Amino acid sequence: MPYLSSNQLKQYEDEGFVFPIKSFSKEKAKEIRNEIELIENKMPGELDKSGRYNAHLISPLLDEVTHNPKILDAVESLIGKNILVCGTTLFIKNPNEKGFVSYHQDAKYIGLEPYNWVTAWVAITDSNEQNGCMRMWSGSHKDNLKNHDQKFNEGNLLTRGQTIKNVPKEKTTPLVLSAGQMSLHHPTVVHGSDLNKSNDRRIGFVIQSYIGTNVKQILGKNGVQIARGKDNFNFHEKIRRPKSLLNKNDIRFKKQENDNLQEVFYKGSSRKGNY
Ligand SMILES: O=C(O)CCC(=O)C(=O)O
């Protein structure tokens with residue numbers, strides 16, 4: 001059932017993003033954080049570098065978020081009722097580390113066309129200006145794709161440090177979210193985020209992205225899951241959901257999927273970046 005109000009739909013249309021949208025309780029968010037941290041403790045490195053992609057394939061709670069009916073209701077309001085999950089990314093910024101995200105447009109490097117897709121950024125911890133929440137350049141989704149430099153700079157959480165020059169940072173909107181809330185953003189809206197200057201981690205779980213069944217991957221290959229509705233196009237291979245926490249076959253499968261992703265992320269690039 002479509003879930004966004006007419007004001008929220010207008011915000012998305014005018015600004016290229018909509019927030020805050022309540023998805024689950026703070027208590028649930030804490031449970032999810034605990035599961036992420038359990039994986040980090042039991043399997044050091046599993047969620048680092050390229051391992052941060054597709055954690056929903058090994059974490060039952062992140063799988064639950066990815067298929068959460070409230071989130072899907074909101075997504076349905078934007079891209080229609082036949083919805084696939086094309087991948088997820090954990091964006092974790094630890095205190096005292098140099099993690100930031102340079103200003104970029106997702107559509108420039110994700111390879112999904114047409115743009116009948118939307119990215120959900122789900123707050124597992126609170127996300128605010130102090131700990132480096134996302135910042136959006138309102139209305140920038142209405143422009144064409146912009147030039148991006150590939151900076152491969154230290155601390156940049158993007159694979160190739162893709163960076164748009166001259167973004168008016170003072171005009172960007174901070175997407176302040178409480179744990180359990182989410183934002184949705186358009187493929188061409190310009191966005192980025194600053195350092196975490198707080199004493200705690202900032203954890204965002206990003207479904208990157210929910211795509212309509214009519215969307216193709218033009219840079220490589222993406223395994224997908226059906227989130228809602230029917231896939232009459234069959235452009236993508238359907239992949240499994242996790243069986244249990246720390247399941248060996250799930251862990252092997254995630255690695256295989258992430259190896260395939262390298263082609264998408266580094267297409268057209270002469271070198272490998274941070275991830
Ligand atoms: O988590 C962040 O700070 C940035 C995430 C991002 O760029 C995205 O979700 O597209």
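A polar side-chain atom of His 191 sits 2.9 Å from an oxygen atom of the ligand. The protein covers 100% of the 290 Å² of accessible area that the ligand has on its own (Shrake-Rupley method, 1.4 Å probe; for residues, only the protein chains shown count as cover). The model is predicted, so local features need pLDDT of at least 70 and side-chain atom pairs count only at pLDDT 80 or more, while totals for chains, interfaces and linings use all residues. Residues are numbered from 1 along each chain as its sequence is written, and side-chain values use heavy atoms, with hydrogens and water left out.

**The ligand and its shell**

- The ligand is surrounded by 13 residues, and the closest are His 104, Trp 121, His 191, Ser 193 and Arg 202; a residue counts as near if one of its heavy atoms lies within 4 Å.
- An N or O atom in the side chain of Trp 121 is 2.9 Å from an oxygen atom of the ligand.
- Arg 202 has a polar side-chain atom 2.8 Å from an oxygen atom of the ligand.
- Two or more residues of the shell come from each of S3, strand S4 (101–104), strand S12 (190–193) and S13; helices (H or I, at least four residues) and strands (E, at least two) are DSSP runs, numbered from the N terminus.
- S13 gives the largest share of this shell, three residues.

**Helix H2**

- H2 (residues 26–42) has 17 residues and reaches 24 Å from its first C-alpha to its last, close to the 24 Å expected at 1.5 Å a residue; the expected span is 1.5 Å times one less than the number of residues.
- Ala 29, Ile 32, Arg 33, Glu 35, Ile 36 and Ile 39 of H2 are buried (under 20% relative accessible area; exposed is over 50% and partly exposed in between, with a 1.4 Å probe and protein chains only).
- These residues lie on the same side of H2 because they cover an arc of only 155 degrees around the axis, taken from the directions from the helix axis to the C-beta atoms.
- Exposed Glu 27, Asn 41 and Lys 42 are on the face of H2 turned away from its buried side.
- Helix H3 (60–66), strand S3 (88–93) and strand S13 (202–212) are what the buried residues of H2 pack against.

**Arg 201**

- Arg 201 is in the loop between S12 and S13 and is buried, with a relative accessible area of 15%.
- Its side chain makes polar contacts with the side chains of Glu 37 (2.9 Å) and Asn 94 (2.7 Å); a polar contact is a pair of N or O atoms within 3.5 Å, and within protein one must be able to donate a hydrogen and the other to accept it, with residues adjacent in sequence counting only if both atoms are side-chain atoms.
- Beyond its neighbours within four places in sequence, Arg 201 is in contact (heavy atoms within 4.5 Å) with residues including Arg 33, Glu 40, Ile 92 and Thr 125.

**Helix H4**

- H4 (residues 69–79) is largely enclosed by the rest of the structure, because eight of its 11 residues are buried.
- Among the buried residues of H4 are Ile 71, Leu 72, Val 75 and Ile 79.
- A side-chain oxygen of Asn 68 reaches to within 2.7 Å of the backbone nitrogen of Lys 70 at the start of H4.
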